[in-house]
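Walk through this structure with me.

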Amino acid sequence: RRKVEDLAAERTRFRAAVEQARAELVEVQGEAEVKLGADQARIFEAQRMFLQDPALIDQVEARIDKEHLNAEAAIEETVEDLAALFEHMDAPILQARAADVRDVGTRLIRLLTGWRPPSLSSLTRASIIVASDLKPSDTAQLDPKQVLGLATAAGSATSHTAILARGLGLPAVVGLGETVVDLAEGTNMILDGFTGQLLVDPDLNMLSEYRVRQAESEQPRAAALAGVGEPAVTRDGHRVEVAANIGDEAGARLAVANGAEAVGLLRSEFLYLDRSTPPSEDEQEAAYTAIADALGGRPLIIRTLDIGGDKPALYLDLPEELNPFLGWRAIRFCLARPEVFKTQLRAILRAAEGRNIKVMFPMIATLDEIRQAKALLAEAGAELTAQGIPHATRIETGIMVEVPAAAVVADLLAPEVDFFSLGTNDLVQYTLAADRTNPRVASLADPFNPAVLRLVKQVIDAGHAVGKWVGMCGEMAGMPQAIPILLGLGLDEFSMTPAAIPEAKVLIRRLSFAEARDLATRVLSLRSATEMRSMKRKM
Ligand code: PEP
Ligand code: MG
């Protein structure tokens, strides 16, 4: 920090650093695309947008001009102001932007001073990285062969660092609190990603216990991976479909490698986030086509735009809401903005020509919403026909059942659709009135609550009564404790994060459908999730 006299020269230094940072970020994004896929690499595009944002650029120049500050100090102050703003926002996805803006700030200061931070890409021995928080660019540069795992003071399950670590297959324990950074370099530690614990200076007993556990956890995984090509058939011959939840083309390849038989949920909103303009029809068609082709003929369910809630997109002019999860999101937004919705529907219909693609509407609460969405789908098809553009003339159409109202009247909705997919992440939060992003009510949001299980059963039965298949794409579908119960309730399709597929298939192959049905009947007679857990322990 110092006073400068030649303000014009200082501004020029700053501008030059901005240009250089922009060029570097293009390169980092390219590398990240190869390592992590286009979707996750888009974080660096978002960082590049900060370098054009008046909130950053004009503020830094104003500090240089008014306070005669050197560029480095002006950047540091501006970045801290912006980061604090983001940290105070409600949506986790916006809070995570604080790390991005700091990342951009550090890059600029490094370019201006020639300072080289210690690099995480040149570790000499396998290590656990302990940090206050990791910048997304640091995480992307980690070498998974040298890094055993991450432990950070800040962060949440939805922060970019956690998402990137998951993509690299690294265990990460986040949100440990600031004291964690006081640990001395070279400290022995056990990082337990299963329980979210960091055990410091473990004694020999604990070390050997964990070595055994580590080996045990790797064995079934290796065995499960060996059998990923096999179908999920129970001992008594009942077959179900095991599918993947993905967000982009890299996800599609991961799904296939893990033995997915289909994609039960493509979260198409990832195409819309972290950018300044909506994706065009052609861009979407190309993305959907590439994903379907990567799946090599396996069915692909494209969920239409589920924006709003905790997933904002600035260019769509979504208003700030007091209760975003109860607000103008997903199908509600799409029906009100048919020009945005129809662009996506046209792209889906075009991609579906000659490919195994289905469409699914999120957040359906009423019959009218289904009818309106289907009318717009028909309109999109008619437009394409009139324009002579090749497209699928018939596409299987389903809905997500994630609003309790839809679950309660599933019998009325079933005749209108080709399939149901239970979205338990939202269904649980709405059924128990427990915000899925609020850690204080996390224990209430229990998918094993009898209220949720009854709704799940009701939806499956309503679908089957009119010959429609019923799947689940909420996190519950991949939980080993839930799979036997869901199987017994008659669920036809289990859609989960690709990494969970190999073990889910092994589990299903060990089960008997008849026994699972008995189990489901018994579980449905229980009065609470606590009773359910104690019953499972006794089994
Ligand atoms: C769900 O709500 O269960 C779901 C799968 O959708 P998302 O997590 O994207 O809201
Ligand atoms: Mg949902």
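H13 and helix H14 (residues 367–386) pack at about 65 degrees, with axes 9 Å apart. Axes are lines fitted to C-alpha atoms over the stretch in contact, and angles run from 0 to 180 degrees between N-to-C directions. Helices are DSSP runs (H or I, at least four residues), strands likewise (E, at least two), numbered from the N terminus. H13 passes H14 in a right-handed crossing, that is, the near helix is turned clockwise from the far one by less than a right angle. Contact means heavy atoms within 4.5 Å. H13 contributes Phe-341, Leu-345 and Arg-346, among others, and H14 residues including Leu-376, Ala-380 and Glu-383.

This is a predicted model: local features need pLDDT of at least 70, side-chain atom pairs pLDDT 80 or more, while totals for chains, interfaces and linings use all residues. Residues are numbered from 1 along each chain, chains are lettered from A and ligands numbered from 1 as written, and side-chain values use heavy atoms, without hydrogens or water.

Now the core. A nonpolar core joins buried Ala, Val, Leu, Ile, Met, Phe, Trp, Tyr and Cys residues through side-chain atoms within 4.5 Å. Buried means under 20% relative accessible area (1.4 Å probe, protein chains only). The largest core has 102 residues, and Phe-420 and Leu-422 touch the most other members. Its largest share, eight residues, comes from helix H13 (residues 338–352).

What coordinates the magnesium ion (ligand 2)? Glu-402 (OE) and Asp-426 (OD) do, at 2.0 to 2.1 Å. Donors are N, O and S atoms within 2.8 Å of the metal (3.2 Å for Na, K and Ca); water is absent, so sites may look incomplete. Glu-402 lies in the loop between strand S11 (397–401) and helix H15 (404–408), and Asp-426 in helix H17 (residues 424–431), so the pair ties together parts 24 residues apart in sequence. Both Glu-402 and Asp-426 are buried.

Note on methods: Buried means under 20% relative accessible area, exposed over 50%, partly exposed in between (1.4 Å probe, protein chains only).
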